[in-house]
Amino acid sequence: ELADRLNVTDKAVSKWETGKGFPDVKLMEPLAQALGVSLVELIQGARSQKDCLTMDEAGTLASQAMDQSQRITARRYLRLVRWMLIVTGVVIALRPLGFLGVLIRLGAVPSTGGLIGYADGPTAIMVCTACSWLSAWGWPLTMAIAAVTCLILAVKVWKLEQNLY
């Protein structure tokens with residue numbers, strides 16, 4: 001009913017009620033009227049004995065409202081960064097030259113034999129006579145380290161996100 005009065009979604013009102021969101025500044029006065037409270041009482045979250053605020057009290061309330069809005073925005077961006085790191089880490093880990101390449105070289109996962117002998121056209125085999133350990137292991141290990149780093153950073157960002165609550 002409140003959402004209909006303010007022309008917002010019921011999900012927006014639910015976020016306000018659970019503290020996961022904050023009404024837009026433009027909605028504060030209509031929200032206060034719809035709830036039958038003063039704007040000051042709405043911002044304070046409690047019934048007030050006096051009808052007006054001092055300049056200091058009004059400044060403190062405005063500052064608190066802005067801080068809460070900034071925390072909500074920061075949490076949204078941190079959540080986005082966390083999911084980007086997780087997706088990046090998983091994509092890197094699932095690449096054939098990532099963790100899978102390391103496991104194949106260690107013999108933990110059997111190799112499928114590569115692409116030699118498939119009927120999609122002529123097969124070219126290149127032989128390296130001076131392959132070093134770095135060329136054989138360097139790329140898969142770099143990918144594995146990058147994947148682990150992404151996932152560790154995702155956990156760190158998640159902890160930072162939790163500290164904003």
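Predicted model: local features only at pLDDT ≥ 70, side-chain atom pairs only at ≥ 80, totals over all residues.
Me: Why is arginine 79 called partly exposed?
Reply: Arginine 79 has a relative accessible area of 34%.

Me: What makes the pair of glutamate 161 and arginine 79 a salt bridge?
Reply: The closest N and O atoms of glutamate 161 and arginine 79 are 3.5 Å apart. The cut-off is within 4 Å, for a side-chain nitrogen of Lys or Arg and a carboxyl oxygen of Asp or Glu. The pair therefore counts as a salt bridge.

Me: Which parts of the chain does this pair of glutamate 161 and arginine 79 tie together?
Reply: Glutamate 161 belongs to helix H7 (residues 133-163) and arginine 79 to helix H5 (residues 55-94), so the pair ties together parts 82 residues apart in sequence.

Me: What makes the approach of glutamate 161 to arginine 79 a polar contact as well?
Reply: Their side chains make a polar contact at 3.5 Å, and the limit for such a pair of N or O atoms is within 3.5 Å.

Me: Why does glutamate 161 count as buried?
Reply: The relative accessibility of glutamate 161 is 2%. Buried means under 20%, so glutamate 161 counts as buried.

Me: How do you know that arginine 82 forms a salt bridge with glutamate 161?
Reply: The closest N and O atoms of arginine 82 and glutamate 161 are 3.0 Å apart, against a cut-off of within 4 Å. This pair links distant parts of the chain, with arginine 82 in helix H5 and glutamate 161 in helix H7, 79 residues apart. Both residues are buried.

Me: What joins Arg79, Arg82 and Glu161 into one network?
Reply: Salt bridges that share partners join these three residues, Arg79, Arg82 and Glu161.

Me: Which residues is glutamate 161 in contact with, leaving aside its neighbours within four places in sequence?
Reply: With those neighbours set aside, glutamate 161 is in contact with Arg75, Leu78, Arg79 and Arg82.

Me: How many salt bridges does the structure hold?
Reply: There are three salt bridges in the structure. One of them is between the side chains of glutamate 1 and arginine 5, at 3.0 Å from N to O.

Me: Is glutamate 1 buried or exposed?
Reply: Glutamate 1 has 71% relative accessibility. Exposed means over 50%, so glutamate 1 counts as exposed.

Me: What makes the phi of asparagine 7 worth a remark?
Reply: Asparagine 7 is not a glycine, yet has a positive phi of about 60 degrees. Most residues other than glycine have a negative phi. Asparagine 7 sits in the loop between helix H1 (2-6) and helix H2 (10-18).

Methods
Residues numbered from 1 in each chain as written. Heavy atoms only, no water. Helix = DSSP H or I, 4+ residues; strand = E, 2+ residues; numbered from the N terminus. Buried < 20%, exposed > 50% of the residue type's maximum accessible area, 1.4 Å probe, protein only. Polar contact = N/O pair within 3.5 Å; in protein donor to acceptor, adjacent residues only side chain to side chain. Contact = heavy atoms within 4.5 Å.
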